[in-house]
Amino acid sequence: MNYLPKLFKTGAIRETPRRIIARIADEVSFSPGPATVVELGAGLGEITKPVINKAKDKDKLSYFAFEIDEESCQHLRRHFPQVQVISESAFEFEENIPASADIDYFISSIPLSFYKKEMIEDFLEKAKARLKPDGKLIVLFSALWLIPIFKKHLPGMKLESFFTFPPYFVVVYKHRR
């Protein structure tokens, strides 16, 4: 896929490096029984695939993938029929996920640096409110200026840096109630 023509829509300039995808997938572990994953900015399923492969009870996995690029949505539907692909803004996740769904994992690779601070803060608070106890919010991003926002809204978060081009950072927040 040629990423540059869609840069200002998707925020991606290249495929996410495999070691970063593996690191994100390492944060996911499924216990027996039902589980719910919400992936924001699913793209072509680079993260989707290893996460789904970790599920032992795939028939008990509810997986919602938000993606605004229609070509990517078609790819996801073709390659991941078990995933509910939602062609909406990730900021609209509340309207598209049943209110009764306890979310085990939010995985976000949306280009948060494209959005106003208030939108990011609102998104983080809404995502935290939907996480079940011990659920995780995992955010992949490239903009250093987002770190203070994450620290403010995600107390106890872990931050990991990857020195690539562009540089990537992963924040992992484990929800406690």
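**Entry 1: salt bridges**

A salt bridge here is a side-chain nitrogen of Lys or Arg within 4 Å of a carboxyl oxygen of Asp or Glu. I keep in mind that I am looking at a predicted model. With that rule in hand, I looked up Lys-128 and found that it forms a salt bridge with Glu-125, with the closest N and O atoms 3.3 Å apart. Both residues sit in helix H6, 3 residues apart, which is about one turn of the helix. I then checked how open each partner is. Lys-128 is buried, at a relative accessible area of 13%, while Glu-125 is partly exposed at 34%.

I stayed with helix H6 and looked up another pair. Glu-121 and Lys-117 form a salt bridge, and their closest N and O atoms are 4.0 Å apart. These two are 4 residues apart in helix H6, so about one helical turn separates them. Glu-121 is buried, with a relative accessible area of 14%, and Lys-117 is partly exposed, with 40%.

The side chains of Lys-126 and Glu-94 meet at 3.4 Å, N to O.

**Entry 2: Thr-36**

Is Thr-36 buried or exposed? I found Thr-36 buried, because its relative accessible area is 9% and the cut-off for buried is under 20%. Thr-36 belongs to strand E1, which covers residues 35-40. I followed its side chain and saw that it reaches the backbone oxygen of Asp-102 at 3.5 Å. Leaving out residues up to four places away in sequence, Thr-36 touches Ser-62, Phe-64, Asp-102, Ile-103, Asp-104 and Tyr-105.

**Entry 3: the second largest pocket**

I turned to the second largest pocket, which holds about 190 Å³ of space. It is lined by 14 residues, and those closest to its centre are Ser-29, Phe-30, Ser-31, Asp-104 and Tyr-105.

Strand E4 (103-108) and strand E5 (131-141) each supply at least two residues of the lining. By type, I have the lining down as 6 nonpolar, 4 polar and 4 charged residues.

**Entry 4: the cavity**

How many cavities of 30 Å³ or more are there? I have 1 in my notes, and the largest cavity holds about 60 Å³ of space. I listed its lining as Phe-30, Ser-31, Pro-32, Gly-33, Ala-35, Ala-55, Lys-56, Asp-57, Lys-60 and Leu-61. The lining of the largest cavity divides into 5 nonpolar, 2 polar and 3 charged residues. Phe-30 and Ser-31 on this list were also among the residues closest to the centre of the second largest pocket.

Conventions
Residues are numbered from 1 along each chain as its sequence is written. This is a predicted model: local features need pLDDT of at least 70, side-chain atom pairs count only at pLDDT 80 or more; totals for chains, interfaces and linings use all residues. Side-chain values use heavy atoms; hydrogens and water are left out. Buried means under 20% relative accessible area, exposed over 50%, partly exposed in between (1.4 Å probe, protein chains only). A polar contact is a pair of N or O atoms within 3.5 Å; within protein, one must be able to donate a hydrogen and the other to accept it, and residues adjacent in sequence count only if both atoms are side-chain atoms. Contact means heavy atoms within 4.5 Å. On a 1 Å grid over the protein atoms alone, a cavity is a set of points where a 1.4 Å probe fits but cannot get out, and a pocket is an open set with protein on both sides within 12 Å along at least five of seven lines; lining residues have an atom within 4 Å of a point. Grid points are joined across faces, edges and corners, and a volume is the space filled by probe spheres set on the points. Ala, Val, Leu, Ile, Met, Phe, Trp, Tyr, Cys and Pro count as nonpolar, Asp, Glu, Lys and Arg as charged, and the others, Gly among them, as polar.
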